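Here is a short report for someone meeting this structure for the first time. Keep the sequence and the 3D view side by side while reading.

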Amino acid sequence: SCFLLALMPVYQEYKIWKPESLPSLSYFGMMKVYCMNVVWTTGCLLGSIILLPKLLLTGTVEREAHEIVERKMAYVCIAWFVGPVVVKNADKLPPLNPGAPAPIYICNHASQIDVAAVYNINRRFKWIAKASVRLLPGVGQIMMLGKHVWIDRRRKTPEGKTGSISTLYEKSNQAIQSGCPMFFFPQGTRRMAERLKFKDGALNVALQNKSSLIPLSIEIPLDAWNRVYPFTTRKFHSFDPVLITVHDAIQVKGNEDKDELRKLCSDTIYSVLPKIQAENAKDK
């Protein structure tokens, strides 16, 4: 199933790189996307199995799942299939153990590369993931062990509202107050050549918990998938890196205007992104 399900991300990346302003995903690039997903799912599956004895003995492997299996597999996938990652202004990151309320990381979302690259900030955090991700071999199991936050848009409350929203805030608030940061892609979906309006999720959690927002900007080289890496004699660090820029923390007191906060976050994150994105941006 790892080999079959790895085809879906290939199609997703193909659509992301389809706009005329971007280089289309080549067959070689598609092969790299496919192989990275096979390695990712297989590695996470093996990691889940290795953690089972400790899970049975102690009842939890939350930190090990995230800080060892998830993080190491992200390092491997990026190093094997994409290239170097550089974290700029790493000194602006919060401490390893930030205390409560923990900060909230927010970042632009351009490609599947983002998900692996952000582990290079070397900080613990929890993802927001669709309930269907649980069914993915390896990835679903390791995320359950890591106790990430799940949302199911199909589940309704007795009042007829979407149950996933209340669960999102409840679980996110619990994580923040326990000292574990949350990680949001406020765009809600991946876009390389288009700016989407940030959704409310991260903003609401920050306002409810008076938690600081840590804006991150990810710049992906336009040849990230199509370049001959790693099948080359060129040195690893000679390739254009995936660049993660850490911005100054945005302090939230809880009484800010949400739209003004949204604009501040959006302007900060997009301020350093390459012109190819800015020139093809569409505010919605």
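Leu45, Leu46, Ile49 and Leu52 make a nonpolar surface patch of about 340 Å². Patch residues have over 30% relative accessible area and no salt bridge; like charges are joined within 9 Å, nonpolar side chains (Val, Leu, Ile, Met, Phe, Trp, Tyr) within 5 Å. A salt bridge is a side-chain nitrogen of Lys or Arg within 4 Å of a carboxyl oxygen of Asp or Glu. Accessible areas come from the Shrake-Rupley method with a 1.4 Å probe, and for residues only the protein chains shown count as cover.

The model is predicted: local features need pLDDT of at least 70, side-chain atom pairs count only at pLDDT 80 or more, and totals for chains, interfaces and linings use all residues. Residues are numbered from 1 along each chain as its sequence is written, and side-chain values use heavy atoms, with hydrogens and water left out.

Leu52 belongs to helix H3 (residues 27–58). Helices (H or I, at least four residues) and strands (E, at least two) are DSSP runs, numbered from the N terminus. Leu52 counts as partly exposed because its relative accessibility is 40%. Buried means under 20% relative accessible area, exposed over 50%, and partly exposed in between (1.4 Å probe, protein chains only).

Ser48 also sits in helix H3. Ser48 has 7% relative accessibility, so it counts as buried. What does Ser48 touch, not counting residues up to four places away in sequence? Its contacts (heavy atoms within 4.5 Å) are Gly138, Gln141, Ile142 and Leu145.

## Strands and their partners

Strand E7 (residues 242–246) is mostly covered, with 4 of its 5 residues buried. Two strands pair if DSSP finds at least two bridges between them. Strand E1 (residues 85–88) runs parallel to E7, joined by 4 bridges. Val85 has Val242 as its bridge partner in E7. Strand E6 (residues 213–219) runs antiparallel to E7, again with 4 bridges. Here Leu216 stands opposite Val246.

Strand E2 (residues 104–107) is covered on both faces. Ile104 and Ile106 are buried on one side, Tyr105 and Cys107 on the other. E2 runs parallel to strand E5 (residues 182–184), with 3 bridges between them. Ile106 stands opposite Phe184 in E5. E2 also pairs with E6 in the parallel sense, over 4 bridges. In that pairing, Cys107 stands opposite Leu216.

## The nonpolar cores

A nonpolar core is a set of buried Ala, Val, Leu, Ile, Met, Phe, Trp, Tyr and Cys residues joined through side-chain atoms within 4.5 Å. Which residues touch the most other members of the largest core? They are Phe183 and Leu216, in a core of 52 residues. Elements giving two or more residues to this core include helix H2 (7–16), helix H4 (62–81), helix H5 (112–117) and helix H6 (139–145). H3, E2, E6 and E7 are also among them. H4 gives the largest share, 7 residues. Apart from this core lies another, of 26 residues, among them Ile106, Tyr169, Phe198 and Leu273.

Leaving out residues up to four places away in sequence, Leu216 touches residues including Tyr105, Ile106, Cys107, Phe183, Ile244 and Val246.

## His66 in helix H4

His66 lies in helix H4. Its relative accessible area is 2%, so His66 is buried. Beyond its neighbours within four places in sequence, His66 is in contact with Arg71, Tyr119, Arg123, Arg124, Phe125 and His148. His66 and Cys2 are 64 residues apart in sequence and 20 Å apart in space, C-alpha to C-alpha.

## Backbone details in the loops

Where are the cis peptide bonds? One joins Ala100 and Pro101, with omega about -5°. Pro101 lies in the loop between E1 and E2. Another runs from Tyr229 to Pro230, with omega near 5°. Pro230 is in the loop between E6 and E7.

Asn89 is a residue other than glycine with a positive phi, near 65°. Asn89 is in the loop between E1 and E2. Asn89 counts as partly exposed because its relative accessibility is 27%. Lys210, also not a glycine, has a positive phi near 55°. Lys210 is found in the loop between helix H8 (201–209) and E6. Its relative accessible area is 54%, so Lys210 is exposed.
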